[in-house]
Structure formats: C-alpha cells, structure tokens
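Dear colleague,

Please find below the structure that I am handing over to you. My notes on it follow directly after.

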Amino acid sequence: MNSASPMTGEATPLALAVLSEIATALARLAETGEETTIDLKSLPLSPDDLARLGELLGEGEVRCDLEVAGRSEVRETGFSGVWWIRHLGLGDEVALEEIAITFVPEILHAHPDDVARAARRLAEAVTAPLADEEETPRG
C-alpha cells in the first residue's frame with residue numbers, strides 16, 4: 001500500500017462488490033502477472049458508489065494527465081497495481097471510466113513507432129552540433 005490511508009469508513013454494497021473484485025484481480029496480478037480491467041461505466045454504480053469506491057481505494061503516488069485523442073486522467077490508487085483511469089469526451093464529460101489492475105497502464109506505454117521516431121530525432125540532435133563544429137573554422 002502507498003502513503004495514502006484507504007479503507008476507512010463503510011462501503012456501499014456495490015462499492016464493496018467492486019472492491020472485492022479488485023482485490024481478487026490484484027492477487028492474481030501479483031501471482032501470475034494477469035492484468036484485469038473493470039469498466040465502471042458498464043456497472044450500475046451511482047455517484048455515491050463511485051465516490052465511496054474512490055475513498056476506499058485512496059490516492060497513490062502517481063498521477064498523469066494525457067492529451068491523446070482527447071483528455072485522459074490516470075491515477076494510481078492507494079494500492080500499487082490498481083489504477084483509476086478516466087477518458088474524457090466533449091465538455092470534459094466522462095466517456096470511459098475504468099479500474100486497471102496492472103503494473104503500468106497500457107495508455108502510459110510508449111508506442112514502438114513513437115520510440116523509433118524519437119530515437120531518430122535524438123540521434124539527429126546529437127550529430128547536428130558535431131556537424132556544426134566540423135564546419136566552423138578554428139582560428
């Protein structure tokens with residue numbers, strides 16, 4: 001568990017059911033490496049259920065806001081390996097909300113094509129100053 005203090009107070013029945021599913025999935029991740037995603041928008045959770053689930057899971061040490069095909073928020077909960085992810089649509093309305101039980105959420109992984117392009121750009125940036133030095137006459 002991270003520095004936050006989750007798991008205080010009473011849970012709503014639905015929040016407790018989701019929490020139980022998360023606990024099972026987290027144990028499975030620890031034992032086998034199997035990842036799980038729970039689509040919160042597909043469950044009949046009320047705003048109170050979601051708020052309580054958030055309180056029960058607490059806040060972790062990592063938070064990331066992304067601007068890729070819309071805005072996304074990724075935050076680690078008070079339990080390492082449990083991530084709360086929101087994808088926002090027009091007007092910043094929640095389009096997708098999920099709990100990802102994983103070591104690192106997929107959305108945070110760099111795409112291999114992006115890494116290849118970055119490697120080429122960085123190589124060019126490193127060689128450009130060297131080429132400039134070779135062209136500059138020394139007095």
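Is Asp114 buried, partly exposed or exposed? With a relative accessible area of 41%, Asp114 is partly exposed. Please keep in mind that this is a predicted model.

**Salt bridges**

The structure has 9 salt bridges. In one of them, the side chain of Asp114 meets that of Arg117, at 2.5 Å from N to O. These two residues are 3 residues apart in helix H3 (residues 112-135), so about one helical turn separates them. Arg117 is partly exposed, its relative accessible area being 42%. Beyond this pair, salt bridges with shared partners link Arg71, Glu73, Arg86, Asp92 and Glu97 into one network. Arg71 counts as partly exposed, at 25% relative accessibility.

Helix H2 (residues 47-57) holds Arg52 and Glu55, which are 3 residues apart. They form a salt bridge whose closest N and O atoms lie 2.4 Å apart. Arg52 is buried, with a relative accessible area of 12%, whereas Glu55 is partly exposed at 48%.

Most residues other than glycine have a negative phi. Asp92, although not a glycine, has a positive phi of about 60°. Asp92 sits in the loop between S4 and strand S5 (94-101).

**The cavity**

A search of the whole structure finds 1 cavity of 30 Å³ or more. The largest cavity holds about 40 Å³ of space and is lined by Arg63, Glu73, Arg75, Trp84 and Arg86. This lining comprises 4 charged residues, 1 nonpolar residue and no polar ones.

Yours sincerely

Methods. Residues numbered from 1 in each chain as written. Predicted model: local features only at pLDDT ≥ 70, side-chain atom pairs only at ≥ 80, totals over all residues. Heavy atoms only, no water. 1 Å grid on protein atoms, 1.4 Å probe; cavity = no way out; pocket = protein on both sides within 12 Å on 5 of 7 lines; lining within 4 Å. Points joined across faces, edges and corners; volume = space filled by probe spheres on them. Nonpolar A, V, L, I, M, F, W, Y, C, P; charged D, E, K, R; others polar. Helix = DSSP H or I, 4+ residues; strand = E, 2+ residues; numbered from the N terminus. Salt bridge = Lys/Arg side-chain N within 4 Å of Asp/Glu carboxyl O. Buried < 20%, exposed > 50% of the residue type's maximum accessible area, 1.4 Å probe, protein only.
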